[in-house]
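Dear colleague,

Please find below the structure that I am handing over to you. My notes on it follow directly after.

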Amino acid sequence: GAPEGGFNSDLGIDFRSDTLYEGAKMNCIVHFQNLLKTNYPSASFFAVLQNEKGESDTLIKGQLPELFSDSSAKIQVGKPSLGLDGTYKLYIHVNHNDFEEIDHSNNVYFKKFIVVKDKREPLLDVVIDKQYIQNNDYISPQSTILLKGKDDNLNLPINRPDLFHLTIKFPGQDSFTKIAENVQFLPSNGNNPAEFLYHHGNLPNGNYVLRAQLMDQAGNKSGS
């Protein structure tokens with residue numbers, strides 16, 4: 001007769017949460033079991049993520065081994081949630097077209113979950129020589145400019161220097177210069193703030209205009 005297999009929740013289903021905050025990884029582990037005494041042939045499987053608009057993204061394709069009587073195989077599916085927002089449906093399908101079975105309805109695992117978009121601005125601090133300065137304050141030619149950045153979303157730490165944007169209008173210039181040289185960077189691990197340190201060494205006399213901005217991994221910006 002025809003083989004028969006299906007997802008078995010009694011063997012355990014591991015799904016992190018029905019609600020994920022952007023940056024957390026969607027991780028799902030399920031078990032597909034041979035439900036008969038005869039062997040279940042090797043079968044293909046795939047996992048699809050569908051958004052609220054019905055648009056689908058294939059996350060994984062694979063091949064299950066032949067399953068002996070009452071044996072099972074584990075399927076694990078993961079997806080970073082950065083860039084996701086709203087309600088999603090995860091489908092895992094085994095033996096879509098490989099061969100006939102007694103019942104195909106238990107060959108599909110379905111899970112609905114929500115991703116909450118990160119919309120909060122990161123925190124940005126700007127100090128020069130360990131001091132907060134006001135407009136038209138004097139600074140030393142050897143001044144060090146320190147930008148500190150932190151995101152309260154621990155899933156998305158400030159861990160890249162390109163998330164900082166420091167520009168300076170030097171004396172006699174009409175446009176701003178992006179600062180990318182003479183820079184030291186210390187990434188955040190979620191607890192300590194990231195540090196973006198600029199030291200020119202010998203700034204000429206004159207009036208300067210400084211602009212600093214921080215963008216987190218979700219695209220939220222703070223600063224000017």
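Predicted model: local features only at pLDDT ≥ 70, side-chain atom pairs only at ≥ 80, totals over all residues.

In which sense do strand β14 and β15 pair, and over how many bridges? Strand β14 (residues 183–186) and β15 pair in the antiparallel sense, and four bridges join them; two strands count as paired if DSSP finds at least two bridges between them. Helices (H or I, at least four residues) and strands (E, at least two) are DSSP runs, numbered from the N terminus.

Residues are numbered from 1 along each chain as its sequence is written, and side-chain values use heavy atoms, with hydrogens and water left out.

To stay with β15 for a moment, Gln184 stands opposite Leu197 of that strand. Strand β11 (residues 144–150) also runs antiparallel to β15, joined to it by six bridges, and Thr144 has His199 in β15 as its bridge partner. In a regular strand the side chains alternate between the two faces of the sheet. In strand β15 (residues 194–199), Ala194, Phe196 and Tyr198 form the covered face, whereas Glu195, Leu197 and His199 form the uncovered one.

Aromatic pairs

Ten aromatic pairs were found in a search of the whole structure. Rings of Phe, Tyr and Trp (its six-membered ring) pair if their centres lie within 6.5 Å; planes under 30 degrees apart count as stacked, over 60 as edge-to-face and the rest as tilted. In one of the pairs, the ring centres of Phe15 and Phe113 are 5.5 Å apart with the planes at 50°, so this pair is tilted. Because Phe15 lies in strand β2 (residues 14–15) and Phe113 in strand β9 (residues 108–116), the pair ties together parts that are 98 residues apart in sequence. Both Phe15 and Phe113 are buried, a term used for under 20% relative accessible area, with exposed meaning over 50% and partly exposed in between (1.4 Å probe, protein chains only).

Phe113 also forms an aromatic pair with Tyr88, which is stacked at 6.0 Å centre to centre and 25° between the planes. This pair links distant parts of the chain, with Tyr88 in strand β8 (residues 86–94) and Phe113 in strand β9, 25 residues apart. The relative accessibility is 8% for Tyr88, which counts as buried, and 1% for Phe113, which counts as buried. Elsewhere, ring pairs link Phe7, Phe32, Tyr40, Phe99 and Tyr109 into a cluster.

Nonpolar cores

In soluble globular proteins, nonpolar side chains tend to be buried together. A nonpolar core is here a set of buried Ala, Val, Leu, Ile, Met, Phe, Trp, Tyr and Cys residues joined through side-chain atoms within 4.5 Å. The largest such core has 27 residues, of which Ile75, Leu90, Ile92, Val94 and Phe113 touch the most other members. Two or more residues of this core come from each of β4 (25–34), β5 (43–50), β7 (72–80), β8 and β9. Leaving aside residues up to four places away in sequence, Ile75 touches Phe7, Cys28, Ile29, Val30, Phe45, Leu64, Ile92 and Val94, contact meaning heavy atoms within 4.5 Å. A second, separate core of 16 residues includes Ile145, Leu166, Phe170 and Leu214.

Salt bridges

Six salt bridges are present, each defined as a side-chain nitrogen of Lys or Arg within 4 Å of a carboxyl oxygen of Asp or Glu. Asp18 and Lys111 form one, with the closest N and O atoms 2.7 Å apart. Asp18 is partly exposed, at a relative accessible area of 44%.

Lys117 and Glu22 form another, with the closest N and O atoms 3.2 Å apart. Here the loop between β9 and β10 (123–128), which holds Lys117, is linked to the loop between β3 and β4, which holds Glu22, 95 residues apart. Lys117 counts as partly exposed at 25% relative accessibility, whereas Glu22 is buried, with a relative accessible area of 1%.

Yours sincerely
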